[in-house]
Amino acid sequence: MPSWRRMGSGVFRVLVVWSVATATMLVLAGALPDFQLQSDDGDSVTRTAVTAAIGAGAFGLLSALVWPLLVRALLLVPALVLGLLVFFLNGTLLWLALGLIPDNRGDVNPETAVVVAAVMSAASSATSTALAVRDDDAYRRRMSRLAYRRRRRQPAAQAAGPLTPGTVFLQLDGLGHPVLREAVSGDDPLMPTVAAMLRRTHLLTHWTTDWSSQTGASQLGILHGGNHDVPAFRWYEKERGEVMVSNRPTSAAELERRAVRAAGHPGLLSEDGASRGNLFSGGAAQSALVLSVSARRGRHNRSRAGYFAYFSDPANATRTAVSFVAELLREVTQSIRSRVRRQSPRVPRGGLYPFIRAFATVVERDVVVAAVLGDMLSGRRAVYADLVAYDEVAHHSGPRSPDLAQVLRRLDRSVALIAKVARSAPRPYRLVLLSDHGQSQGHTFADAYGLRLEDLVRAGCGLPVPRRARRSPSGAEAREAARAALRRPEGPVDGDEVHVPDSPAEPVVLASGNLGLVSFPDVPGRMSREEIDRRHPALLRTLADHGGIGFVLVWSERHGHLVLGRGGERRLETGEVVGERDPLEPFGPGAAEAVYRVSRFPHVADVMVNSAVDDRGGVHAFEEQIGSHGGLGGEQNQAFLLAPRSLSPAVAEGERLVGAAAVHRVLSRWLSEADAADPVPPGRTPTTRQRVG
């Protein structure tokens, strides 16, 4: 767009917002008895209109000048609360603006001031959003100005470094390979930007997750090179008597420490890298919304510092606040429609879930994307960011629900914006899209069979089963991200999330999607099949013979690592199948290797339980999730890599890419290739082809 058109568009936007604010102030002055814009002797209509215009203009100037200072002063306020207080803070600035009107013509009592402030703030915000919320060019220009100010503060040597290509890794959380193929197909694809990339510049590669098909295991392996001893999303560690939960900040920090120690290096992003919206840092010096570092303090590594960079711009804050409210209304509408139509499968979507969804699909998305734009415009070598919107909504609506159409379109817009901003970056960038897992749909285990996995385990152990089942909420990543944003303490491992029995003789039963874990706290180390049979003779057959259970993993004193199922068993060390059928056959090639690997983890549960999978790839989650992941079966194990064709192939033709650690090796190779590429001389602008791979 020519500079004169950009300037004209900006002036037009300012005049429209100013006019609406002035008109709103005039209406309120006429409607509210305790609010006036006239002197005590009265003024003409023209004079009153001028007074309103001055008040509205003062409000706009205060927003531009004082807002960043207010946000910085309130940085210690919970970030999500700060986002929700946008209208109130704008209104406070308006109240101050009334005091700047000449001759004290602006008069309002404190009670009415709150109403005036709220209405004025809503009117100006709605108008500004209507004009700019879809204007990604305006948003891009704001981020460019911010990054330019950052670059001016960089040391000269750093600013003049060689411009070898940088790389942005954008993780579309939970978006499986089959769903992506559908979203980029047809004449009017849901994701037109990604479709164009696939058609012109990028190559799509399928990769298979580990048995634990969830973000904790996948992202730890991708960013740190290994996910050894991460058997599930949550698991019980007997020697410490604690439950590890992948998306709890303390657990994430411990997992990262273990991974760094095992790998012998900090991670994928240790050299001039940035981690945005992830569970783990990848060794990056710059982190925002990263759970493993969310409790740290310091100028550069405070995970919540990314909120200030975003909300310090009132236009960004308005854009996000209005979209947040719209997303709340969208979820309520879609939930009501689902109940009215009696859609099946269906899970409860009330309580805090609408707010969690809005946080994941709006607040976290906007802050993460803004951070990525800033990273590119600052010329960072490597950026890894996670957008969790699809994963969060798919858990409650299903991976192919119509509810996800708008989510996918907005993710595509984020990709388009990142690609567009790369053209203004000081170095060329290669954009790599990937996912950490997919999702498999199906009725929950409780919905399909009328009892939870814990009830079935207790029945097999001869223990009393509660008449009323407790709720097993989703363990989606957005929940702990929102909790961290609110600066709330970590949720309890007992109660709503995990039930740890009072008696150590009773089993601890945990759920990770369609993967269940059963541990006996009073038995040190891993309990053998023979010990379990002596203590609870009916347990293993109760589980293995159940119609909703695909297979059960145990360790046998006689046969080693053993998989049990209906009508047969498989001895993993020898590959021998005993009985009528191989219980792992429905789970496809590679299942035996994946299960055998986990069976050798130090913290594998005494009994690992994977739900059954039907002919269409449907599974039964042991949590309240329509779309689930965490175990084997269906599309949850089918992730993707979408990378520029200028990079070396992820795998040789005919080979399979299996496991998160293998993906780490591929991404590390691509970073090395970028470092070895011909640099663009300092002071020379990279071409469009060089800028975006």
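Before that, some housekeeping. What we have is a predicted model, where local features need pLDDT of at least 70 and side-chain atom pairs count only at pLDDT 80 or more, while totals for chains, interfaces and linings use all residues. Residues are numbered from 1 along each chain as its sequence is written, and side-chain values use heavy atoms, with hydrogens and water left out.

Okay, how confident is the predictor? pLDDT is its confidence in each residue, on a scale from 0 to 100. The chain has a mean pLDDT of 83, with 74% of its residues at 70 or more. Over residues 155–160, though, the pLDDT is below 50, and that stretch has 2 contacts in the model beyond near neighbours in sequence. A contact here means heavy atoms within 4.5 Å. Residues 469–475 also stay under 50, and for them the model has 24 contacts beyond four places in sequence. Where pLDDT is low, the predicted coordinates should not be read in detail.

Back to β18, which covers residues 607–611. When I say strand, I mean a DSSP run of E with at least two residues; a helix is a run of H or I with at least four, and both are numbered from the N terminus. Two strands pair if DSSP finds at least two bridges between them. Strand β13, residues 515–519, pairs with β18 in the antiparallel sense over 4 bridges. β14 runs antiparallel to β18 too, joined to it by 4 bridges, and there isoleucine 549 has serine 611 as its bridge partner.

So is β18 buried or exposed? Of its 5 residues, 5 are buried. Buried means under 20% relative accessible area, exposed means over 50%, and partly exposed is in between, using a 1.4 Å probe and protein chains only. Val607, Val609 and Ser611 point one way from the strand, with Met608 and Asn610 pointing the other way.

In α22, residues 591–599, the buried residues are Ala591, Ala592, Ala594, Val595, Val598 and Ser599. Looking down the helix axis, they fall within an arc of 165°, taken from the directions from the axis to the C-beta atoms, so they line one face of α22. The cover over them includes β14, β15, β16 and β18.

Next, a spot in a loop. Serine 213 sits between β4 and α10, and at 0% relative accessibility it counts as buried. Its side chain makes a polar contact of 3.1 Å with that of glutamine 636. For us, a polar contact is a pair of N or O atoms within 3.5 Å; within protein, one must be able to donate a hydrogen and the other to accept it, and residues adjacent in sequence count only if both atoms are side-chain atoms. Leaving out residues up to four places away in sequence, serine 213 also touches others, among them His437, His629 and Asn637.

Serine 344 and proline 345 are joined by a cis peptide bond, with omega about 0°, and proline 345 is in the loop between α13 and α14. Aspartate 272, in the loop between α11 and β7, has a positive phi near 50° without being a glycine, and is partly exposed at 36%. Leucine 289 isn't a glycine either and has a positive phi of about 60°, but leucine 289 is buried, at 12%.

Methods:
pLDDT is the predictor's confidence in each residue, from 0 to 100.
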